[in-house]
Amino acid sequence: MATIPVSSNAPLKDLDEWDDFLTGRYQEGKSESEFRQYDEKATPGVAEFYRLNHQFQTFDYVMAKEKEYFGLNKGEKSIWEAAEFLNTLVDDSDPDTDLTQIEHLLQTSEAIRKDGHPRWFVLTGFIHDLGKVLCLWGEPQWGVVGDTFPVGCAYSKDIVFPEYFAANPDIKNPLYQTKYGVYEPNCGLDKVHMSFGHDGYIGEVMKKYMPEESLYMLRYHSFYSAHRHGAYRHLMNDHDVEMLEWVNKFNVYDLYSKGHTKPNVKELKPYYDDLFAEFFPEKIAW
């Protein structure tokens, strides 16, 4: 299978470097002071990644990207085809990764399956990172992964590397720097525009097929300032707060399911063929 290099603006060696940063930063039991210490010791690539992310994820940028991608006009693919397409994502400097993207997806879903969760939960584990195909359509890393946050209102101090927002043009818009910004108090997350990336995109792809609990997991699994620190409650309604408990259940698997044993894709494929057929038509729009 042909490989496609990561696009420009790629300070991370590969997207797994961001995942590794998350695993360290959000270890269970770490104090806030330890979070900050970890940030200061972050690899230069991660720090540069967040510098770009916080500078360029403006309200206008997000609105433009939602318009470009949320219409799902990139063609139709089956779930396996989307996963195989994602498998072509490699970095020029490190083409020989230990695990393929499909194997990473299976590690998450198999950990969920092992714990006896419902089939839709297992499926969520497999599909949650498929939105990273955005990189293969020319989107830079900082527009695909990273902690997500609302745009169009004041930034929370609990967002990782908040100091980098000083370079974001929205910092000069007085409305965008108020507590509620362009939103109404407790308007609900469905009314809030999040920084653009694979979370929101895969949520749009799956909104016709997956239960609401799954869609919250997909859309907000990188919204760490909210589900780790309690930020942005003033924009949420009671239903959001209730549903974020599902995000917390999912993140245990997202952050800590990686192991050294490679899943046997050939052996597992019949189970996932059946699972995909239960929830999806043969091909879906991307």
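Predicted model: local features only at pLDDT ≥ 70, side-chain atom pairs only at ≥ 80, totals over all residues.
Residues are numbered from 1 along each chain as its sequence is written, and side-chain values use heavy atoms, with hydrogens and water left out.

**Overall build**
- The protein chain has 12 helices and 4 strands; these are DSSP runs numbered from the N terminus, with helices being H or I of at least four residues and strands being E of at least two.
- Take the contacts (heavy atoms within 4.5 Å) between residues at least 6 apart in sequence: 81% of them join residues at least 24 apart.

**Helix 7 against helix 12**
- Helix 7 (residues 119-127) packs on helix 12 (residues 265-279) at about 105°, and their axes are 11 Å apart; axes are lines fitted to C-alpha atoms over the stretch in contact, and angles run from 0 to 180 degrees between N-to-C directions.
- That makes helix 7 and helix 12 roughly perpendicular, a label for angles of 65 to 115 degrees.
- Helix 7 brings Arg 119, Trp 120, Val 122, Leu 123 and Phe 126 to the contact, while residues from helix 12 include Tyr 271, Tyr 272 and Phe 279.
- By type, the contact residues split into 9 nonpolar, 3 charged and no polar (Ala, Val, Leu, Ile, Met, Phe, Trp, Tyr, Cys and Pro are nonpolar; Asp, Glu, Lys and Arg are charged; the others, Gly among them, are polar).

**Salt bridges**
- The whole structure holds 13 salt bridges, each a side-chain nitrogen of Lys or Arg within 4 Å of a carboxyl oxygen of Asp or Glu.
- Glu 48 pairs with Arg 51, with the closest N and O atoms 2.7 Å apart; both sit in helix 3 (residues 44-56), 3 residues apart, or about one turn of the helix.
- Glu 48 is partly exposed at 28% relative accessibility, and Arg 51 is partly exposed at 32%.
- Lys 132 and Asp 129 bridge at 3.2 Å, N to O; Lys 132 is buried at 2% relative accessibility, and Asp 129 is buried at 11%.
- Asp 190 and Lys 191 form a salt bridge at 3.4 Å between the closest N and O atoms, and both residues are exposed.
- Lys 65, Glu 68 and Glu 139 are joined in a salt-bridge network.

Definitions and conventions
Parallel < 35°, antiparallel > 145°, perpendicular 65-115°, else oblique. Buried < 20%, exposed > 50% of the residue type's maximum accessible area, 1.4 Å probe, protein only.
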